[in-house]
2 protein chains.
Amino acid sequence: MSSVLLTDLYELTMLQAYFEQRMNGHAVFELFVRKLPPHRNFLLAAGLAQVQDYLTNLRFDADDLRWLRADGRFTPEFVDSLADFRFTGDVDAVPEGTATFPDEPILQISAPLREAQLVETRVMNLVHYETLVASKAARSVLAAPGRLLVDFGLRRAHGAEAGLLSARASYLAGFTGTATVEAARRFGVPAYGTMAHSYVQAHGDEARAFESFARAHPENAVLLIDTYDTERAATKVVELAAKLAADGLAIKGVRIDSGDLGEHARRVRAILDAARLTGITIFASGNLDEYRVRDLVAQQAPIDAFGIGTRMNTSADAPFLDCAYKLQEYEGRPRRKRSEGKATWPGRKQVFRQYAPDGRLGSDSLTLATEAHPGTPLLAPVMRAGRVVAAPPALAAVREYAGAELARLPQRLRSLDAADPYSAEVSPALRRLAADIDART
Amino acid sequence: MSSVLLTDLYELTMLQAYFEQRMNGHAVFELFVRKLPPHRNFLLAAGLAQVQDYLTNLRFDADDLRWLRADGRFTPEFVDSLADFRFTGDVDAVPEGTATFPDEPILQISAPLREAQLVETRVMNLVHYETLVASKAARSVLAAPGRLLVDFGLRRAHGAEAGLLSARASYLAGFTGTATVEAARRFGVPAYGTMAHSYVQAHGDEARAFESFARAHPENAVLLIDTYDTERAATKVVELAAKLAADGLAIKGVRIDSGDLGEHARRVRAILDAARLTGITIFASGNLDEYRVRDLVAQQAPIDAFGIGTRMNTSADAPFLDCAYKLQEYEGRPRRKRSEGKATWPGRKQVFRQYAPDGRLGSDSLTLATEAHPGTPLLAPVMRAGRVVAAPPALAAVREYAGAELARLPQRLRSLDAADPYSAEVSPALRRLAADIDART
């Protein structure tokens with residue numbers, strides 16, 4: 001998944017044109033979101049670690065060059081020139097886990113034009129998806145304080161990488177773990193698992209299935225109890241618990257995956273509690289998202305853990321962000337795209353954040369990078385001359401920081417419902433620059 | 001992206017329990033969609049080629065085994081047993097590109113229980129996403145007969161694999177090509193490219209940008225004309241065309257990416273035609289999907305080609321399918337899940353399709369695999385004893401077949417609007433079997 005050809009053809013056709021014109025001046029591109037989807041009051045920036053990795057390892061290998069030569073679309077001289085292609089530029093970015101808003105650059109790439117151009121597609125692909133998922137997952141985190149939330153979504157994620165990156169992004173946003181084993185290996189996200197209906201069905205006898213599973217995983221068994229009749233299964237769990245206790249073993253939890261989850265959870269809790277099995281936790285899953293989780297929490301359903309899959313990692317109510325990666329400066333001169341409905345703020349920029357007396361976000365200002373302004377600058381150097389100068393923090397540290405960011409959001413933005421938008425005010429100098437450019441062209 | 005650990009943890013915890021019980025009887029699992037999303041009248045099956053590849057190469061390598069040992073969740077004996085793990089089972093499937101409907105198995109895996117169970121997550125991940133995208137892309141194909149449709153979506157696809165597989169799935173469904181270079185290399189999908197706004201902005205002067213690009217790509221230049229003022233840019237294209245003609249060169253097309261695409265296309269067409277540049281094609285892009293394409297076609301907008309990206313490859317109006325992979329038979333005995341709202345038809349099944357006198361789909365029947373029934377059986381053998389017995393056809397052949405399938409759809413199902421649903425009738429024998437199982441348990 002790290003092929004340099006993981007890019008749009010036009011990046012390469014533009015590169016060939018630049019090559020022929022010997023055009024490769026210093027360019028500044030910024031990645032930002034134009035506007036938020038409905039039902040998003042903030043975004044959590046994510047994906048920077050993967051971008052740093054991508055830029056560090058970017059090169060055309062022999063197979064890539066051979067394919068480009070054989071394709072016939074490119075000149076041999078141009079293809080030969082790609083053998084030495086490396087990313088030698090600078091990257092500034094807001095740290096992963098930072099709350100971010102429309103028009104605020106999340107990432108800024110300053111590099112020779114060809115390098116900054118070629119990386120457009122994959123850099124967007126990474127930052128867009130992880131930011132999308134972190135922002136969606138954060139909503140479940142806000143809706144279910146103190147509950148255990150597990151990513152269950154690999155099977156309906158959009159391909160393998162979506163499954164892996166959504167495990168990372170949702171953990172970063174405050175989820176407790178993931179069911180995806182490869183994400184546990186690759187990113188160190190804690191792995192969680194229960195059992196499938198097929199396990200019960202293969203045994204035919206539900207009680208026998210529960211017992212064999214509990215004995216195979218003496219500390220960790222979470223038994224799925226909705227294959228036939230949820231409450232009848234709960235009574236089988238009670239019987240099994242007594243039998244296991246005689247051997248010094250215990251059951252960790254039960255999972256309910258269908259029907260009225262709140263109602264079943266209440267009945268199952270009552271059955272378990274009547275047998276003094278108060279330590280057995282209840283795990284709920286099945287088409288969950290932040291809205292259903294909020295309702296279950298509001299009903300005080302006795303659910304300890306939620307498995308949240310498809311709707312989270314496809315960001316089902318808003319499956320994409322209106323993001324862009326735009327040239328803002330070339331050879332020291334600010335640039336501005338003026339396409340209808342898609343005009344951008346020109347020049348290399350910075351975002352300054354000021355906090356209210358209670359520690360929550362007060363106001364953001366979008367300024368030129370050269371302006372002095374009160375507040376904390378959000379964009380900071382992460383790569384210089386193609387080398388990482390600020391290594392990605394450990395994922396657990398990013399997760400802690402993201403939690404602090406969520407705590408700093410004004411109360412209205414923490415709601416699942418659409419709130420009065422928070423947005424950066426644009427500095428007078430930046431507005432003047434935009435007007436100057438418009439007047440000149 | 002082929003790691004065997006690209007799976008849910010519960011697949012492995014179940015496998016360990018099966019290992020300890022020495023339980024590994026013959027199991028039949030089926031993958032199907034429970035119901036269609038709103039605004040989908042049919043699905044096009046896709047992803048089978050990737051599944052065959054996955055199953056053929058499935059194994060635990062030394063790193064996988066080391067990680068599982070170190071994780072501490074599994075017994076050393078169980079992890080050791082995985083060293084020899086291979087997929088040795090049978091696969092029956094409906095061919096890629098086949099129109100398919102709720103409850104109809106798309107894929108059937110008959111294998112020793114542990115093998116059939118372990119592959120659940122990744123098999124679903126592949127078939128779900130490609131089927132989702134092929135089904136979405138087919139709608140644009142139906143909405144824009146005879147137009148050139150190009151996948152533009154890598155940048156906002158959900159990760160790299162989604163970008164690659166959506167290029168494949170949309171081509172299979174009738175798209176003309178993709179902008180994603182790696183998909184061209186890997187799947188042979190024709191690659192298309194234009195230029196970005198940054199190209200124009202970097203040059204500052206639009207006319208100079210157009211000329212340099214056209215000279216770098218003498219046969220293929222598609223010039224992006226909406227960076228500043230679309231119609232003014234079109235007049236620059238006219239001037240450039242005259243200049244290039246003197247050198248025996250031509251411009252292939254122009255692209256419009258913002259504003260009222262139909263209105264701009266009409267004005268640009270008039271400007272080009274007035275200069276007798278009738279051969280220059282007009283390419284439109286920008287937040288397109290089948291609905292907008294349908295409107296532009298209905299308006300008779302003079303648009304020759306559509307670049308369709310994000311909304312297609314995220315299937316934005318229905319970003320997931322309600323699909324399942326369920327155990328239907330174990331050790332020769334049919335099984336049935338009865339969870340509320342999620343009950344399944346038991347046993348190993350077949351779908352028979354009968355056609356109407358006009359060649360269109362007439363009726364589908366869902367039967368037991370052992371039943372004789374009139375019509376064409378849709379599920380056919382593709383793997384036996386772990387080996388491919390029906391290699392995936394060339395992608396171009398699948399695309400042609402999918403086109404024939406779209407032509408065979410009843411007219412009402414070809415509409416973008418929700419139509420009276422088409423669904424398989426369930427055979428009396430299958431209904432009796434379900435009732436028998438319910439009575440017995």
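I began with contacts in chain A between residues at least 6 apart in sequence: 71% of them join residues at least 24 apart. I counted two residues as in contact if their C-beta atoms, placed from the backbone, lie within 7 Å.

I note that this is a predicted model, where local features need pLDDT of at least 70, side-chain atom pairs count only at pLDDT 80 or more, and totals for chains, interfaces and linings use all residues. Residues are numbered from 1 along each chain as its sequence is written, while chains are lettered from A and ligands numbered from 1 in the order in which they are written.

Next I looked up the fold elements. Chain A has 16 helices and 19 strands (DSSP runs, H or I of at least four residues for helices, E of at least two for strands, numbered from the N terminus). Its C-alpha trace spans about 80 × 60 × 35 Å along the principal axes.

I then checked burial. Of the 441 residues in chain A, 55% count as buried (20 or more other C-beta atoms within 10 Å of the residue's own, with C-beta atoms placed from the backbone).

The same surface serves both: 100% of the contact residues of chain A recur in chain B.

Last, the interface. I found 77 residues of chain A in contact with 77 of chain B. α1(A) gives the most to chain A's side, with 8 residues.

Technical notes. A residue is buried if 20 or more other C-beta atoms lie within 10 Å of its own, exposed if 12 or fewer, and partly exposed in between; C-beta atoms are placed from the backbone.
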